[in-house]
Amino acid sequence: MQSMDYGLTEEQKNLARMAREFAERYIKPVRAELDRESRYPREIIQKMGEQGFFELFVPPEYGGQGLSVLNVCLVMEHLSIVDGGTAISYGVTGLGAIPLILFGNEDQKRRYLPPLARGEYQAAFALTEPWAGSDASNIKTTAVKKGDRYILNGQKKFITNGGEAQFYIVIAATQPDRGVRGLSAFIVEKDFPGFRVGRAEDKMGIRASVQREIFFDDVEVPEENLLGREGQGFKVAMMTLDRSRPIVGAQALGIAQGAFEEAVKYAKQREQFGSPIISFQAIQFMLADMAIQIEAARALVYSVAQFIDSGAKNISKAAAMAKTFASDVAMRVTTDAVQVFGGYGYMREFPVEKYMRDAKITQIYEGTNQIQRLVIARALMREF
Ligand SMILES: Cc1cc2nc3c(=O)[nH]c(=O)nc-3n(C[C@H](O)[C@H](O)[C@H](O)COP(=O)(O)OP(=O)(O)OC[C@H]3O[C@@H](n4cnc5c(N)ncnc54)[C@H](O)[C@@H]3O)c2cc1C
């Protein structure tokens with residue numbers, strides 16, 4: 001589909017093209033297998049590291065190309081056109097890099113960002129617990145100061161890149177009686193004694209990514225691994241999610257675009273009643289509505305990313321809008337793509353049922369769309 005220009009620079013257009021070409025060449029041939037076997041694509045992630053994809057998460061002083069949310073969105077979109085699962089296996093390392101960039105001191109940035117830019121370190125972000133999903137104030141993982149260390153005890157749930165990442169941004173309670181004001185953020189390395197991961201989750205979609213529980217049994221975290229100040233953990237988490245929600249929007253956008261492209265191709269080939277099904281107005285209107293929604297989602301995701309990159313301060317509402325709109329579009333568009341394929345759309349042999357399964361998570365993670373609507377509504381209440 002010919003997309004509009006959106007004022008992208010030549011460099012940004014090249015970046016998008018490069019991500020799509022990479023996905024077509026290295027991911028497409030194995031995506032069905034990764035999905036079937038629910039396998040983390042270690043070799044593809046390694047190749048992405050060699051080709052400099054992780055430099056996009058890191059400022060130039062630490063060996064990267066500078067974090068631009070729009071650039072990361074372009075890459076996420078174009079990888080997700082082929083496979084949203086592999087895309088998030090890549091993107092989640094960005095979710096671990098953002099809090100370091102925002103709150104890390106010089107020493108922390110020097111230790112963790114250069115190997116991340118080179119693709120040697122993967123990262124993860126660990127907020128959710130079995131009893132604390134939407135409600136972060138109920139976090140029960142504790143961090144107790146003892147001399148020059150913090151002792152972490154507790155568990156995290158559904159952590160993407162769990163077991164694959166070398167370090168984890170962990171939100172834990174330093175003052176459990178103070179709710180979200182008693183939370184702090186820590187950089188926890190996989191090799192710290194007492195750090196343990198559970199089995200990989202068996203999921204509906206994005207099966208080329210891995211989610212695991214993480215357990216902390218008296219994990220000793222040196223005080224220099226406190227990220228920001230004590231009590232800033234909730235702020236670290238929210239400011240990180242504000243920057244990464246449009247990136248989930250871009251993942252959703254790519255998934256919708258991928259399903260749409262398959263639907264158009266199929267509608268031109270499939271004949272019923274002696275004509276290609278694309279000649280039926282019912283199919284044409286479905287395709288037209290899909291195209292409208294995708295273009296609207298793209299316009300919103302790109303402009304919110306640009307808004308964030310401009311250094312704007314109040315970005316929570318816009319970020320929540322981009323994620324909500326694009327993920328709702330992805331769910332509708334992928335469902336319609338299955339409809340265009342008829343019975344074949346329901347079969348594993350064809351790619352559209354996977355797009356529909358992959359789309360669903362974008363309405364759930366990094367805050368469900370109900371929580372996004374709360375964020376938007378609260379901002380509206382303040383504004384009027
Ligand atoms: C595949 C996958 C990957 C993930 N990756 C990560 C990760 O890397 N790191 C991480 O920290 N977490 C991760 N998560 C966790 C994810 O962010 C949470 O699942 C999500 O925030 C929702 O929390 P919950 O599942 O506990 O649902 P709940 O909070 O129990 O919500 C259940 C339902 O109630 C609704 N609800 C809850 N509270 C309200 C309210 N106040 N108003 C209206 N509706 C409400 C929700 O919208 C939802 O529909 C991942 C989850 C999945 C499934």
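Predicted model: local features only at pLDDT ≥ 70, side-chain atom pairs only at ≥ 80, totals over all residues.

Analyst: Start with the inventory: the chain has eleven helices and ten strands. Its radius of gyration is 21 Å, close to the 21 Å from the globule rule for 384 residues, so the chain is as compact as a globular protein of that length. Buried residues account for 49% of the 384.

User: Which strand is mostly covered, and how many of its residues are buried?

Analyst: Take β4, residues 167-173: seven of its seven residues are buried.

User: Which residues of β4 point one way, and which the other way?

Analyst: The general idea first: in a regular strand, side chains alternate between the two faces of the sheet. Here, F167, I169, I171 and A173 point one way from β4, while Y168, V170 and A172 point the other way, and all are buried.

User: Which strands does β4 pair with, and in what sense?

Analyst: β1 and β4 run parallel, joined by four bridges, with A123 opposite F167. Strand β5 (residues 183-189) pairs with β4 in the antiparallel sense over seven bridges, and there I171 stands opposite A185.

User: How many residues surround the ligand, and which are the closest?

Analyst: 22 residues surround the ligand, the closest being T128, G133, S134, T368 and Q370. β1 turns up again here: along with β3 (149-160) and α11 (369-383), β1 (123-126) gives two or more residues to that shell. By class, the shell has twelve nonpolar, eight polar and two charged residues. Domain 2 (123-231) and domain 3 (234-383) each supply at least three residues to the shell.

Conventions
Residues numbered from 1 in each chain as written. Near = placed C-beta within 6 Å. Nonpolar A, V, L, I, M, F, W, Y, C, P; charged D, E, K, R; others polar. Domains from an automatic or database assignment. Rg over C-alpha atoms; globule rule 2.2 N^0.38 Å. Buried ≥ 20, exposed ≤ 12 C-beta atoms within 10 Å, placed from the backbone. Pairing = 2+ DSSP bridges.
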